[in-house]
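Visitor: Could we go through this model together, one topic at a time?

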Amino acid sequence: MTDSSNENVPSRQRKRFPGISSRAYEHPADRSALVALRKLSGFDTVFKALSGLLPERSLRLLFLSDSVRVSDAQFAHLNTMLRDACYILDLEKVPAMYVTQDPRPNAMCIGLDEPIIVVTTGLVELLDEEEMRAVVGHEVGHALSGHSVYRTILLFLTSLALKIAWIPLGNFAIMAIVTALREWFRKSELSADRAGLLVGQDLQASMRGLMKIAGGNHLHEMNVDAFLEQAEEYEAGGDLRDSVLKILNVLPRSHPFTTVRAAELKKWAASRDYQRIMDGHYPRRTEDKDTSVSDSFRESASHYAETVRTSKDPLMKLVGDIAGGAGDLGGKLRDKFTTAAGSSSGSGSGGSSGGSEANGNGSGPASENGSGGGQGES
C-alpha cells in the first residue's frame with residue numbers, strides 16, 4: 001500500500017510503523033499459548049484436514065450476499081478507518097470488511113487464505129469514532145498476526161462439537177482442541193488490543209470502548225478509573241475458592257473479561273516496550289525468519305514468572321510460595337480452605353436452604369457469564 005492511497009487519512013496526526021512485525025505487540029501469553037496449541041496431540045492432523053475442507057468460499061459468499069461491504073460508497077467512515085489502520089500497521093493488502101445486522105456489539109477477523117473483518121451494527125452504533133478506530137485497529141492486528149486462520153477453525157469446531165455432542169468420544173476429542181483454541185484466542189485478544197492502541201494512539205478511547213462493551217452506551221454513568229478498580233478488586237479479592245471459580249468462569253469464553261483487558265492494556269501503555277515502539281524501535285517483518293524460538297520461550301517464561309510474582313490473586317500467591325520454596329505449604333493450603341469454609345458455614349448456619357443458596361450464587365456465574373459473555377465482545 002502506498003502513501004498516496006491515504007491522502008485524506010489519518011484525520012489527526014499519528015505515528016506510522018513501516019514494516020512492523022506482529023512480534024512487536026504480541027502478548028507473551030499469546031505466543032506461548034499458540035506454541036502449546038500446536039503441540040496438542042492431534043492438532044496438526046485436524047488443522048491440515050480442515051484447511052482443505054472449511055467452506056471459506058461459502059463464508060465470503062454469505063457475507064457478500066447478506067451483509068453490507070464497507071467501501072467508499074457504503075460506511076465510508078469505516079472504510080477510511082480500515083485503510084488508515086492498514087496504513088499505520090503497514091498491512092499491504094486491505095482486508096474486506098463487512099457490517100452485519102446484529103444488535104450485540106461484536107467484531108471478528110476470520111478467513112484462511114485471506115482475512116475478512118466483520119463488525120456488527122450493535123458495535124457501530126455503540127462506539128464513537130476514536131473508540132471504533134481502536135476496534136478496527138484491533139481486527140487489523142489479528143489479520144497481521146495471522147490469527148484469522150485459527151479463529152475460523154475455532155468457530156467451525158465449536159459448531160461441529162454441538163452437532164456431534166451425542167457421540168461421547170468424538171465430542172471429547174474435538175472439545176479438547178476447542179478448549180485449547182479458546183485458551184489461545186483469549187490471549188490473542190490481549191495482543192490485538194495492543195494493536196488497536198498502536199492504531200488509535202488514544203488510550204482513553206481504548207478504555208472507553210472496553211467500558212462500553214461491558215456496560216453499554218452510558219458514559220455519563222461510568223468512570224474509567226472506577227472501571228479499572230474493578231479489575232484490581234477482581235484480581236485481589238476473595239480466597240482460593242474464588243481463584244478456582246475465576247478459572248471456571250473464563251473457560252467457556254472466547255474473550256478475556258473486559259476489566260482484565262482494560263487493566264492489561266493500561267499496563268502495557270505505561271511500559272517501556274510501548275514507548276520504544278512509539279519511538280520507532282520495534283521488530284521488523286524482515287527479521288521474523290531469524291527469530292529464535294528459544295528466545296520466545298524465554299520471554300514467555302519470564303512473563304509468567306513476573307505475573308506470578310506480582311499477582312494479588314490468592315492462587316497465584318500460593319504458586320509464588322511454591323516457587324519460592326516456602327515451608328509448610330500443605331498446612332497453608334489447608335488453613336486457607338478451612339478458614340474460608342468456616343466463615344461460609346457461619347454465615348449459612350440458619351439452615352440447609354441457606355447453604356444451598358450460597359452454592360447457587362457461587363456456581364451460577366460460572367455458567368451464566370461464561371455462556372453469554374463471550375458473544376458480546378470485540
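Predicted model: local features only at pLDDT ≥ 70, side-chain atom pairs only at ≥ 80, totals over all residues.

Visitor: How many helices and strands does the protein have?

Guide: There are 17 helices and four strands.

Visitor: And where is Glu92 placed?

Guide: Glu92 belongs to the loop that runs between α4 and β2.

Visitor: Is Glu92 buried or exposed?

Guide: Glu92 counts as exposed because its relative accessibility is 63%, and the term applies over 50%.

Visitor: Why does Asp90 count as buried?

Guide: Its relative accessible area is 17%, and buried means under 20%.

Visitor: Which residue has a positive phi of about 50 degrees although it is not a glycine?

Guide: That is Phe75. Phe75 sits in the loop between β1 (68–69) and α4 (76–88). With a relative accessible area of 29%, Phe75 is partly exposed.

Visitor: Changing topic: how many cavities of 30 Å³ or more does the structure hold?

Guide: Three cavities reach that volume. The largest cavity contains about 130 Å³ of space.

Visitor: Which residues lie nearest the centre of the largest cavity?

Guide: They are Ala134, Val135, Asp193, Ser206 and Leu210, out of 16 lining residues. Two or more lining residues come from each of α6 (129–145), α8 (168–200), α9 (203–215) and α12 (258–269). Helix α9 contributes the most, with five residues.

Visitor: How do the residues of that lining divide into nonpolar, polar and charged?

Guide: Eight are nonpolar, five are polar and three are charged.

Visitor: What does Ser206 touch?

Guide: Ser206, in helix α9, touches Ala134, Leu197 and Leu265, leaving aside residues up to four places away in sequence. Ser206 counts as buried because its relative accessibility is 8%.

Visitor: And in which helix is Ala192 found?

Guide: Ala192 is in helix α8, where it is buried at 1% relative accessibility. With residues up to four places away in sequence set aside, Ala192 touches His138 and His142. Ala192 and Tyr25 are 167 residues apart in sequence, yet their C-alpha atoms are 7.9 Å apart in space.

Visitor: What about contacts across the protein: what share joins residues at least 24 apart?

Guide: Among contacts between residues at least 6 apart in sequence, the share is 76%.

Visitor: Which residues does Leu198 touch?

Guide: Not counting residues up to four places away in sequence, Leu198 touches Phe17, Ile20, Tyr25, Ile88, Leu89, Trp268, Tyr274, Ile277 and Met278.

Visitor: Where does Leu64 lie?

Guide: Leu64 lies in helix α3, which spans residues 56–66. Leu64 counts as partly exposed because its relative accessibility is 44%, which falls between the limits of 20% and 50%. Leu64 touches Arg69 and Tyr98 when residues up to four places away in sequence are not counted. From Leu64 to Ala96, 32 residues apart along the chain, the C-alpha separation is 10.0 Å.

Visitor: Finally, what percentage of the 378 residues count as buried?

Guide: The figure is 43%. The accessible surface of the protein is about 19,200 Å², and carbon and sulfur atoms account for 55% of that area.

Notes
Residues numbered from 1 in each chain as written. Heavy atoms only, no water. 1 Å grid on protein atoms, 1.4 Å probe; cavity = no way out; pocket = protein on both sides within 12 Å on 5 of 7 lines; lining within 4 Å. Points joined across faces, edges and corners; volume = space filled by probe spheres on them. Nonpolar A, V, L, I, M, F, W, Y, C, P; charged D, E, K, R; others polar. Buried < 20%, exposed > 50% of the residue type's maximum accessible area, 1.4 Å probe, protein only. Contact = heavy atoms within 4.5 Å. Areas by Shrake-Rupley, 256 points an atom, 1.4 Å probe, with all protein chains shown as cover.
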